[in-house]
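Here is a short report on one protein chain. It starts with the whole fold and then turns to selected parts.

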Amino acid sequence: MTSPASVLQIVAHPDDDLYFMNPATFQGLKAGTRTTTVYLTAGDALGKNPRPWQTGPVVEDREAYGKARQNGIKAAYAFMTLGDRTAAWKPATLSTAAGAVAEVYSLADAPWVTLVFLNIRQHGTPEGPARSLHVLWRDEVEAVPTLVPSGGLVHEAYRYTRTGLVRTLVQIMDLVRPTLIRTMDPDPDRLVHDEKFPQRHDYGDLSDHCDHTAAALFCWVALDHYQGPGENGTFAVEAYRGYYNERWPHNLGPQAVSLKEFFLNVYGAADGHDCGDPAGSGDYSVGLNSRGTGWLQSTAPRYPVGAHWLLPDRRGRLAAFTVINQQAAVWLEAEPGSDHWRGPFFLGGGPLAPGLAVSLTPDGRWQIFAERLSHLAADDGHVREIVLLEQAERDGAFPGWITLGNPSAGDARRDRHLGGPVVTRDGRGRLHVFVRNAGQGLHSRVQDADGTWGEWQDLRGYDLQEGIAALTAPNGRVEVFGASREGVFHWAQGSLDEPLTRAPRFRLATAAGAVSAVVQPSGQVMTVYRQPDSGRLLMAQEDAPGGRWAQPASSIGGRGGYGSVALAAGPVPEAGTLVACRSDLGGVAYRFLPGADQPWQELSAAALGGTVVGAPAAAFDALGRATIAVVGADGRLAVARQAAPGAVEFGPWTVAG
């Protein structure tokens, strides 16, 4: 192992990590990062696991199916880690805080890889509740039973209560001491099911399996009790969307998709491999069929962290703002352009969703915006809200968080479906906050120059993907870009006295995920985003500052990956515009625009745990050097700088805190 990183993944079923969290899981394993994955249910589903070669009737056998899925996921992890699906595992049991006994397996030749099976029955018993995890979260039953997999380590059934399951997850967190915790989506989008998008795998009108959602919510409750990885240790949290992936443009390129598919085929014993267990060698329905659902072709963070979290303060010192330990945190350069950083300084506010939006007031005070998961409810009474922390004076203290509410406040069915904030300040000093609303349109709230706030305003729009971009053009007017299923939409002010409206005829080529935008040194506004199904990036820009967008978006290449793209305009035209994003290798790929012949470069994340958390941020420091910042899987800030202004190469990562 080359990093102090410790990754904990908590999912509902064996294969959720392969479908929805890979390639990040594989990138960490390849780098030797300590990885523990917890499967809450046995995944017994309907209990039928027909072999591809089977011709007779299929017999229901939940105990065998649960064991077969264990065999499949162990084979997949062995191959991802050691390149050998038959690698040996060391078995053990864990007496949980709930009084139940869990099965634990660690790779014999890579003991830092551990799988934990709680084996909660996915669908209860014939006389018990269906969808065990879901009804347990909703407090509809007092307890749910476990499954006893065929030939497993545990030979009797147990029961988990709500409290017992949360205590068990906290127990595992305290044992593993993770620096990065990955969960599923606690707040899946609501979708209208129609002829174009029929009801298939979703639960009700939500865009995910109810077990995925319940697993995520239980994890977020447990996080409130986790004290972190040790003295001065920090941890980050990521949430991944599930069945949502089949409904939106796919964001992974062919190589990443093929890699995910390969490991799912190992899990499903697609080649007919026989591990010698009569229960089965994998989940045979997945083998050679994993593309058909549309799930593996994307890896979609629930909270696509915006890339504008590295900014200069009034003295020219770069400050990095992110969510660590579920609260806002900031690192600050000791001096402008220095390689020495102070921090992290914790600013509270939690539990916060990943990602912050930050603005510097005209008089030099920081304003920090976030989405808070204020209440996790067993019923539909969830509360999510946008919150603000503002310095009272320059270089002074932050007096406390205030709430800006939620455009859907009071509507229990819509309150939780809120996007993270983005902000910008117009030419008259007014601060504009934008969020994707529950109806997948755009809402805004404006703070006047005197500090007073207006009400939430509906700016319309439809089918917006999460991850919008806002900026202020050289003429002082605010512009917003957001990606729908049909293309990239554009909102702008006609004048500084007018509200934003969406340009009805403006539509760039469809994006796969978040859109980023920047004002280039030339004064032209540019957008960059991921092209569906290719792994490449598309770029479009104005013909001239404030002019038309006559040219279509064109490819600027790339190295795959997923998530938001970081953009930073240089201090002079010769410096160009830095483009940086996650790559297929787990590190950060970057290049400068313009420069048609400039190749993409790569900053490895191997020393940071094999991958990065969220999206990188980019800026130019006080010495004119391009700078890239990330949070590693080790929960720490890492910064890399251009070797010299104008150079293509960057120096190594400097880890701060």
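## Overall fold

The protein has 7 helices and 37 strands. Its radius of gyration is 24 Å, close to the 26 Å that the globule rule gives for 657 residues, so the protein is as compact as a globular protein of that length. This is a predicted model. Along the principal axes, the C-alpha atoms fill a box of roughly 70 × 50 × 50 Å.

Burial covers 63% of the 657 residues. Take the contacts between residues at least 6 apart in sequence: 59% of them join residues at least 24 apart.

## Surface and charge

The accessible surface comes to about 23,500 Å². Carbon and sulfur atoms account for 50% of that surface. The protein carries 57 positive and 69 negative side chains. The centres of these two sets lie 2 Å apart.

| Helix | Residues | Length | End-to-end C-alpha distance | Expected span |
|---|---|---|---|---|
| α3 | 62-82 | 21 residues | 30 Å | 30 Å |

For α3, the reach from first to last C-alpha is close to the value expected at 1.5 Å a residue. Burial is heavy here: 18 of the 21 residues of α3 are buried, so this helix is largely enclosed by the rest of the structure. Just after α3 comes glycine 83, with a positive phi of about 75°.

Which residues of α5 are buried? They are Gly164, Leu165, Val166, Thr168, Leu169, Val170, Gln171, Ile172, Met173 and Val176. Just after α5, arginine 177 takes a positive phi of about 55°.

## Glycine 316

Now to a loop position. Glycine 316 sits between β10 (310-312) and β11 (318-324). Which residues does glycine 316 contact, leaving aside its neighbours within four places in sequence? The contacts are Glu333, Pro336 and Ala622.

Glycine 316 and arginine 425 are 109 residues apart in sequence. In space, their C-alpha atoms are 19 Å apart.

Definitions and conventions. Residues are numbered from 1 along each chain as its sequence is written. This is a predicted model: local features need pLDDT of at least 70, side-chain atom pairs count only at pLDDT 80 or more; totals for chains, interfaces and linings use all residues. Side-chain values use heavy atoms; hydrogens and water are left out. Helices (H or I, at least four residues) and strands (E, at least two) are DSSP runs, numbered from the N terminus. The radius of gyration is taken over C-alpha atoms; the globule rule is 2.2 Å times the number of residues to the power 0.38. Buried means under 20% relative accessible area, exposed over 50%, partly exposed in between (1.4 Å probe, protein chains only). Contact means heavy atoms within 4.5 Å. Accessible areas come from the Shrake-Rupley method with a 1.4 Å probe; for residues, only the protein chains shown count as cover. Lys and Arg count as positive and Asp and Glu as negative; His and the chain ends are not counted. The place of a charge is taken as NZ of Lys, CZ of Arg, CG of Asp or CD of Glu. The expected span of a helix is 1.5 Å times one less than its number of residues.
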